[in-house]
Amino acid sequence: MTDKNEEAQTPEIEEEAPVITAHQLPLAGTTLAYTATTGKLPLKDEKDKIVAQIFYTAYTLESDINPASRPLIFVFNGGPGSASIWLHMGALGPKRVDMGAEGFMPPPPYKLIDNAHTWLDLGDLVFIDPVGTGYSRAADPADNEKYWGLAEDLEAVGEFIRLYLSREKRWTSPLYLAGESYGTTRAAGLAGHLIDRGIAFNGVVLISTVMNFQTLRFTKANDLPYTLYLPSFCAAAHYHGKLEDDLQERDLRELLHEVADWAESDYTVALAKGDRMSEGERAAVVERLSCYTGLSQRFILGADLRVNIMSFCKELLRDDKRAVGRLDSRFIGIMASAEGSAFDFDPSMNAITPPYSAVYNQYVREQLGYETDLNYEILSFKVNESWKYQGGQFPDTSEGLRAAFAKNPFMRVLVAQGYYDLATPFQAAYYSLAHMGLDPALRDNITITEYEAGHMMYVHEPSLAKLKADAAAFIRS
């Protein structure tokens, strides 16, 4: 009786027709004619009742080529709790937010411009907002949390992809996934999840990668992040001129290789020894850490040789009452006080949220014709804080990627990492790839590219251009 009452109280919603608009984009001496489709695809229960709707924006190139033979790229961001707005309006879509050459926050009002580096000439694009992000919602608001978990998310987004392929008759298209941040966690998991359901991908693009969460979580008795973050700390110190002159004059990539090698050898061994380190060993490690991070030996000793991300962001420029960004350590924020162990706000996140929010909300209504009073959830902290990570304290979806490789040896992966990313540091991505148990015969299927920017490397215009060139080489090969 209770179940029937609950069912009766669940609101009935009907599927809405998508909004379709026609556009043109000048690109590389030609003009791309394309169709934009905005709308929601339904998730249904076993009784064929809509229980949730996933909002999406799709861009389809107008051409004489059969759409079924054209590459199709499914795109999402991460969080968890983030909409696809960042990759949509910053890197892959036909329009983007004007952030200037360096990507620092521009003065309002913010501007929408043509994206000369769109991926639309490489394949049709489908930007997906998982439930609780963008305009995607459960039919009953109380059910939103049912989709906020690693396994639940893979099931929901996987069902969206299956339904889109069916409705648009794209089952035989070359298929790609492109995810950023937690979106790479999702992409790795989806590759393994969907191949068992008959959907195999030609390629997966991982932008600012996290598959193994042990590499990122600064928890008691987990020393791994301290070693993997060190090259990124060094990159930030180098960018802000906080290293000694001989290191400041070094080639950055060469220097970071040196730091990574030391972190994986001497530093790892030292942390493993713990209190068994001799005073001489401890002094040597402290001196090297200070040399590579620009932090004082006193601070490093006080941190027991273990500097976490938040304290680094506050400490590097503490004397100037400034903090560096977590998403992108090139960014600087003015702090209320030089005291404390963490920044007041992430300057890199703060710099991009207003421009992207304003430009997207105008664009989706004015040019894409989608009207709604719903709030577009750019990044929901409610989703993020409620997320269920199956797999214990350190979930890991690299096994899904390995399994997909084993079952589909033709699949390839492009890994894109920024030097100044303190959210998903580049060395952590390389560690995860090296520990996923991939067969040696398949290791050449992975391509790694690096950028002189941060987590969202595409806000930096030279990196945006490089990302497009790397993606073009990857897809066209």
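## Cavities, pocket and a buried strand

The largest cavity has a volume of about 60 Å³. This is a predicted model, in which local features need pLDDT of at least 70, side-chain atom pairs count only at pLDDT 80 or more, and totals for chains, interfaces and linings use all residues. Residues are numbered from 1 along each chain as its sequence is written, and side-chain values use heavy atoms, with hydrogens and water left out.

A cavity is a set of points, on a 1 Å grid over the protein atoms alone, where a 1.4 Å probe fits but cannot get out; a pocket is an open set with protein on both sides within 12 Å along at least five of seven lines; lining residues have an atom within 4 Å of a point. Grid points are joined across faces, edges and corners, and a volume is the space filled by probe spheres set on the points.

| Space | Volume | Lining by class |
|---|---|---|
| Largest pocket | about 780 Å³ | 18 nonpolar, eight polar, four charged |
| Largest cavity | about 60 Å³ | eight nonpolar, one polar, one charged |
| Second largest cavity | about 50 Å³ | five nonpolar, one polar, one charged |

Here Ala, Val, Leu, Ile, Met, Phe, Trp, Tyr, Cys and Pro count as nonpolar, Asp, Glu, Lys and Arg as charged, and the others, Gly among them, as polar.

In total, four cavities of 30 Å³ or more are present. Residues lining the largest cavity include Tyr226, Phe233, Tyr267, Thr293 and Arg306. Helix α5 (224–239) gives the largest share of that lining, three residues, and α8 (279–293) supplies at least two. Helices (H or I, at least four residues) and strands (E, at least two) are DSSP runs, numbered from the N terminus. Around the second largest cavity stand Leu327, Asp328, Phe331, Ser348, Ile352, Met456 and Val459.

The largest pocket is lined by 30 residues, and Gly79, Arg326, Leu327, Asn384 and Ala423 are the closest to its centre. At least two lining residues come from each of β9 (175–181), α10 (309–315) and α12 (381–386).

Strand β9 also pairs with β10, in parallel, over six bridges; two strands pair if DSSP finds at least two bridges between them. Ser181 has Thr209 of β10 as its bridge partner. Between β9 and β10 the chain passes through helix α4 (residues 182–195) in a right-handed β-α-β crossover (with the strands pointing away from the viewer, the path from the first strand over the helix to the second runs clockwise). Strand β10 is also parallel to β13 (residues 412–418), with five bridges, and Ile207 stands opposite Ala416 in β13. Seven of the seven residues of β10 (residues 203–209) are buried, so the strand is largely enclosed by the rest of the structure (buried means under 20% relative accessible area, with a 1.4 Å probe and protein chains only).

Conventions. Buried < 20%, exposed > 50% of the residue type's maximum accessible area, 1.4 Å probe, protein only.
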